[in-house]
Amino acid sequence: MDLALTESQEMLRASARTFVEREAPTHTLVALQKQESSLVPDLWRKAVDAGWPGILVPPAYGGSESTLTDAAVLFEELGRGPVPGPFFSSGVLGALTILEAGSEAQRKAILPAVARGEAVLAVAIMDPSTSWGPQAVTLRPQRVGDRYRLDGIKLFVSDATAATHLIVAARTGDGPADVSLLLVDARAPGVRARRLPGFLSWQDEVRFDGVEVPASALLGGRDNQGWAALERALGRALPVLCSYMVGGCQAVYEMSVKHSQQRVQFGVPIGRFQRVQDHVIRLVNHLDAARWTTAEALWKLDTERTATDAVHLAKAVTSESYMEACNAAHEVHAGQGSLMEYGLVAHTQMSRTLFAHLGDPRWHKRRMADALAW
Amino acid sequence: MDFEVTYTEAQQTFRREVRAWLEANVPPGITRTPADDADSLKRYQELRAFGRKLGAKGWLYPRAPKTYAGGGLDVDSTIILEEEVDRFGLSLPPYYDSGGRLGSATIQVWGTEEQKQAFLPPIYRGDVRTWQLLTEPGAGSDLAGVTCAAIRDGDEYVLNGQKIFVGSDHGADRIWMIACTSPGGARHENLSWFMIDANLPGITVQPMELLGTGGEGGTDPVQKNTVFFDSVRVPAFTLVGGENNGWKAASTHLELEHGAGGRIGRHRVWDRLLRYCQETKRDGMPLTQHADTRDLLADIYIKTEVQRLFGLRNFWLTYAKRPRSYEGPQLSYYRKMTGLWMTGAILEAVGPAALTTDATWGSPEGFLELQQRNGIIAVHPGGTADVQRVSMSRRIGIGRVAREAAGTVH
């Protein structure tokens, strides 16, 4: 047993932290919040130079194929920002979905460009007015000769406004899991992505109006294999997303400790008040619960152990933890925390956005119970 | 990262040796609920005899130094022993020995060589069972406020006062206690620790009737007592760590009591709860198939997993000699509040069957009823949940101007 990071992981952490502090300081992140696209060209180019979009892509497709724990070290640092951008949507969930669902030709066609940051993937799963899960995929393409025609809407798609390609979950049969995945050019006529306004971090509506895609866009070339492939991809991708949230928890924890040491009321630092301490302790307990459930899930995956229950558990715990950590941080900061320029709000908004992203905590808890075969 | 303890071939051989030895030496029926007082005493004596057998092999306190009759074993072998003993529903030591566990750790750090030689071997061999005595009627969370007096008189100290919420059933051989050696002296500079004979003239033990005993990790003490000291004379040699230096020495004791050592075992209530819910039918279906119960069980399981991971992390921090800060009291706080929360979750999941010890309508051996009691009571022994939070805050560096360091445990 050794719960420490390896030396090379410590180096990756240090360089990622320096990068984030230099390229995405708080005032930059705050300014980015209003952007339509999560992709910031200058920042993205430098991340590409560091090889980050290809961190999980196998060398055969132009990536560096690190372990999930390596990727998680990077994503924890990005989460400390929280740095926006299609890092997860494209480099993790998108790439892993192509690897799981795509044919060899499809992998070769898209993954090298994903690893070079030239192609950007976004995964479009949810439909309007449905819940989460395969049964909730209702967008039904029309088969017109050797083409599919798409008419409809995908909702709460992360980073669609930044994407060059969309992986679209579509209903192709009447069984609950009869879902197929189509790789759609995001700039094709009839595709329109729009960032949803309000308290959401870069989740978008994507409209398809008579969008025609060739049969070759069907990932894997066979109908109804999509959900199983997506689940395999999610089973590896989710703990990396969890690490992003762990980074968020860590950042709001550090903010809160510093604030309670520096903010003086009634003549003393407010950290001297046990009510304030209670908030910080609630926060650090959530942080550590998120950190260690995530780390164990990653370790199980990297060592090829059965990890399904651990992955669902980590996503449930981490989603709740990030939200609760932000709530506690707002209690510590009071008015100051609500100033957009301070930076806490970016986390709060991200914590809400990721709470239900790719399945809410209750959904994951139920899948965890199923996986444990109670 | 590696969350698994991996074993060499030699260690696997050790495991087989331990398992075979335990199968031959664990007294049959040792985890039974005693039928009556006589059976309870009989079971205690069996446990002590088993403890001495373990002690003779160095397996009662496997990590303790061999020089003082401990096992002198490494972490991995200790884990193997704990896991194998756990298979029999027992812990190390297999009986309540709070003063042995925490007193011996403090003596290792703060005792003189003569004291180590005198006090440690009987503990590690299993010859003595030791209670720790800290709390007093007027000094609970405020441990520094203890008034039980130990006044120097020649080569002896004379003890007068009262300790409360201490010990277990069936008495003790030794007492590990903190007392005030300088009444009226400056706070934090008037305390000392003693390792004394528990059966001296002037010591009276009076059982208390309580909601539950809480458990302080490991073995459930079953009973708590008030202990009175009436002009009890003890040799000056029994004072450990220097006169009036007790507050400093307390940091080691409290650090361990507050969870710094960590734990790597399974959650006992969870395993039994799941089995109970799989085997108990409501409306013709096992409880585990009811959607609402399943949701509650998922919430309970997640908290036990987080608690397990905190324990595993603390275990690693301690034995890999990593820097620690708030993690000890965090585990303690989390365990306490989870236990209390779990009383409600279990009551909702299982219903009033969780509240009865009835052989027909309650849970097996009333294990759920015990959790309903202990979940409430365990919030307070060994430093209340609120004290753990105070401790965490200081370590984090917000409770006081200067950040407080974790106590020395190795």
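# Exercises on a two-chain predicted model

Chain A holds eleven helices and nine strands, where helices (H or I, at least four residues) and strands (E, at least two) are DSSP runs numbered from the N terminus. This is a predicted model, in which local features need pLDDT of at least 70 and side-chain atom pairs count only at pLDDT 80 or more, while totals for chains, interfaces and linings use all residues. Residues are numbered from 1 along each chain as its sequence is written, and chains are lettered from A and ligands numbered from 1 in the order in which they are written.

## Exercise 1: the build of each chain

Task: describe the overall dimensions and burial of chain A, then do likewise for chain B.

Solution. Start with the extent of chain A: its C-alpha trace spans about 75 × 45 × 40 Å along the principal axes. Next, take the radius of gyration, computed over C-alpha atoms, and the globule rule, 2.2 Å times the number of residues to the power 0.38. For 374 residues a compact globule would come near 21 Å, and the 21 Å of chain A agrees with that. Then turn to burial: a residue is buried if 20 or more other C-beta atoms lie within 10 Å of its own, exposed if 12 or fewer, and partly exposed in between, with C-beta atoms placed from the backbone. By that count, 55% of the 374 residues in chain A are buried.

Now for chain B, which has eleven helices and ten strands. Its radius of gyration is 22 Å, close to the 22 Å that the rule gives for 410 residues, so chain B is as compact as a globular protein of that length. The C-alpha trace of chain B spans about 75 × 50 × 45 Å along its principal axes, and 44% of the 410 residues count as buried.

## Exercise 2: domains 1 and 3 of chain A

Task: work out which elements of domain 1 of chain A face domain 3 of chain A.

Solution. Third, look at contacts, meaning residue pairs whose C-beta atoms, placed from the backbone, lie within 7 Å. In chain A, 23 residues of domain 1 are in contact with 27 residues of domain 3. On the domain 1 side, two or more residues each come from α2 (26-32), α4 (68-80) and α5 (87-101) of chain A. The largest share, ten residues, belongs to α4(A). Finally, sort that side by class: it has 13 nonpolar, six polar and four charged residues. Here Ala, Val, Leu, Ile, Met, Phe, Trp, Tyr, Cys and Pro count as nonpolar, Asp, Glu, Lys and Arg as charged, and the others, Gly among them, as polar.

## Exercise 3: where the two chains meet

Task: identify the helix of chain B that gives the largest share of the side touching chain A.

Solution. Begin with the totals: 29 residues of chain B are in contact with 31 residues of chain A. Then list the elements of chain B that give two or more residues to this side, namely α7 (268-279), α8 (291-319), α9 (327-350) and α11 (385-396). The largest share, eleven residues, comes from α8(B). By class, the chain B side has 16 nonpolar, six polar and seven charged residues.

## Exercise 4: a strand and a loop in chain B

Task: decide whether strand β6 of chain B lies in the open or is buried, and then characterise Val222(B).

Solution. Count along β6(B), residues 203-207: of its five residues the number buried is zero, so the strand lies largely in the open. Next, find its partner, remembering that two strands pair if DSSP finds at least two bridges between them. β6(B) pairs with β7(B), residues 225-235, in the antiparallel sense over five bridges, and Ile203(B) stands opposite Phe229(B) in β7(B).

Now move to the loop between β6 and β7 of chain B, where Val222(B) is found. Val222(B) has 16 C-beta neighbours inside 10 Å and therefore counts as partly exposed. Leaving out residues up to four places away in sequence, Val222(B) touches Ser168(B), Asp169(B) and Thr213(B). Last, check a distance: the C-alpha atoms of Val222(B) and Gly212(B), ten residues apart along the chain, are separated by 7.7 Å.

Definitions and conventions. Contact = placed C-beta atoms within 7 Å.
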